[in-house]
Amino acid sequence: LRELAALRPDDFTVTSEIARLYVQMGDPENAQRYLQEYLEAQPKSAAGLAALAEFYLVVTSDGPKAVEFSQACAEAQPTAESFSRLSAAHQLAKSPEDAIAALERAVELAPSNAAYMQRLALLRETQSASNGPKKP
């Protein structure tokens, strides 16, 4: 696969598969390296940005990095999925207001997506509960 990646450096599918395999083998450092190298060569790649955001979100649980790449992905490809990922990254980074704002944008872009609406209601409820009862 590495040889194929060298022959087809613009093909994100190959890079993505290599990264996935490295993660499965318990080698997230090499997975990260492949994703970052691809993104250095293709800095505007929405797929590359999304993959690195997912890597930081799921594999390393690095909230600030997940936010950084999720934000860049949402700017490059402003889809409901991108904003949903950004919301999850903000949750991981302990920024509930930003998580709500990003998920509101996802719902605007995909108003019939029940999962987004449910997550948004849950986020709002959780945020409201953490703020405590309102004082008169």
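Ser 45 is buried, at a relative accessible area of 13%. This serine sits in the loop between helix 3 (28-41) and helix 4. Setting aside neighbours within four places in sequence, Ser 45 is in contact with Tyr 38 and Leu 39. Asp 10 lies 35 residues away from Ser 45 along the chain, yet their C-alpha atoms are separated by 9.7 Å. The model is predicted, and every value here is computed from it.

## Overall fold

The protein chain has eight helices and zero strands. Read from the N terminus, its elements run α-α-α-α-α-α-α-α. Along the principal axes, the C-alpha atoms fill a box of roughly 65 × 30 × 20 Å. The chain counts 136 residues, and 38% of them are buried. It exposes about 8,000 Å². Carbon and sulfur atoms supply 54% of that area. Take the contacts between residues at least 6 apart in sequence: 40% of these join residues at least 24 apart.

## Helix 4 and its two partners

Two packed helices are described by the angle between their axes and the distance between the axes. Helix 4 (residues 46-59) can be described this way against helix 6 (residues 80-92) and against helix 5 (residues 63-76).

Start with helix 5. Its axis and that of helix 4 come within 8 Å and cross at roughly 155°. An angle over 145° counts as roughly antiparallel, so helix 4 and helix 5 are roughly antiparallel to each other. Helix 4 passes helix 5 in a left-handed crossing. On the helix 4 side, the contact uses Ala 46, Leu 49, Ala 50, Leu 52, Ala 53, Tyr 56 and Leu 57. On the helix 5 side, they meet Lys 65, Ala 66, Phe 69, Ser 70, Ala 72, Cys 73 and Ala 76. By class, this contact has 12 nonpolar residues, one polar and one charged.

Now helix 6. The axes of helix 4 and helix 6 come within 10 Å and cross at roughly 30°. An angle under 35° counts as roughly parallel, so helix 4 and helix 6 are roughly parallel to each other. Here too the crossing is left-handed. Helix 4 contributes Ala 50, Ala 53, Glu 54, Tyr 56 and Leu 57 to the contact. Helix 6 contributes Arg 85, Ala 88, Ala 89 and Leu 92. These residues divide into seven nonpolar, no polar and two charged.

## Buried side chains in helices

Thr 15 belongs to helix 2 (residues 12-24). Its relative accessibility is 6%, so Thr 15 counts as buried. Not counting residues up to four places away in sequence, Thr 15 touches Tyr 34, Leu 35 and Tyr 38. Tyr 38 is also a contact of Ser 45.

His 90 is placed in helix 6. At 11% relative accessibility, His 90 counts as buried. Beyond its neighbours within four places in sequence, His 90 is in contact with Val 67, Ser 95, Asp 98 and Ala 99.

## Positive phi in two loops

Ser 61 lies in the loop between helix 4 and helix 5. Its phi is near 55°, a positive value in a residue other than glycine. Ser 61 is partly exposed, with a relative accessible area of 44%.

Lys 94 is found in the loop between helix 6 and helix 7 (96-109). Its phi is also positive, at about 60°, although Lys 94 is not a glycine. At 72% relative accessibility, Lys 94 counts as exposed.

## Accessibility of the residues discussed

| Residue | Relative accessible area | Class |
|---|---|---|
| Thr 15 | 6% | buried |
| His 90 | 11% | buried |
| Ser 45 | 13% | buried |
| Ser 61 | 44% | partly exposed |
| Lys 94 | 72% | exposed |

Technical notes: Residues numbered from 1 in each chain as written. Predicted model: local features only at pLDDT ≥ 70, side-chain atom pairs only at ≥ 80, totals over all residues. Heavy atoms only, no water. Axes fitted to C-alpha atoms, helices over the stretch in contact; angles between N-to-C directions. Helix = DSSP H or I, 4+ residues; strand = E, 2+ residues; numbered from the N terminus. Parallel < 35°, antiparallel > 145°, perpendicular 65-115°, else oblique. Left-handed = near helix turned anticlockwise from the far one by under 90°. Contact = heavy atoms within 4.5 Å. Nonpolar A, V, L, I, M, F, W, Y, C, P; charged D, E, K, R; others polar. Buried < 20%, exposed > 50% of the residue type's maximum accessible area, 1.4 Å probe, protein only. Areas by Shrake-Rupley, 256 points an atom, 1.4 Å probe, with all protein chains shown as cover.
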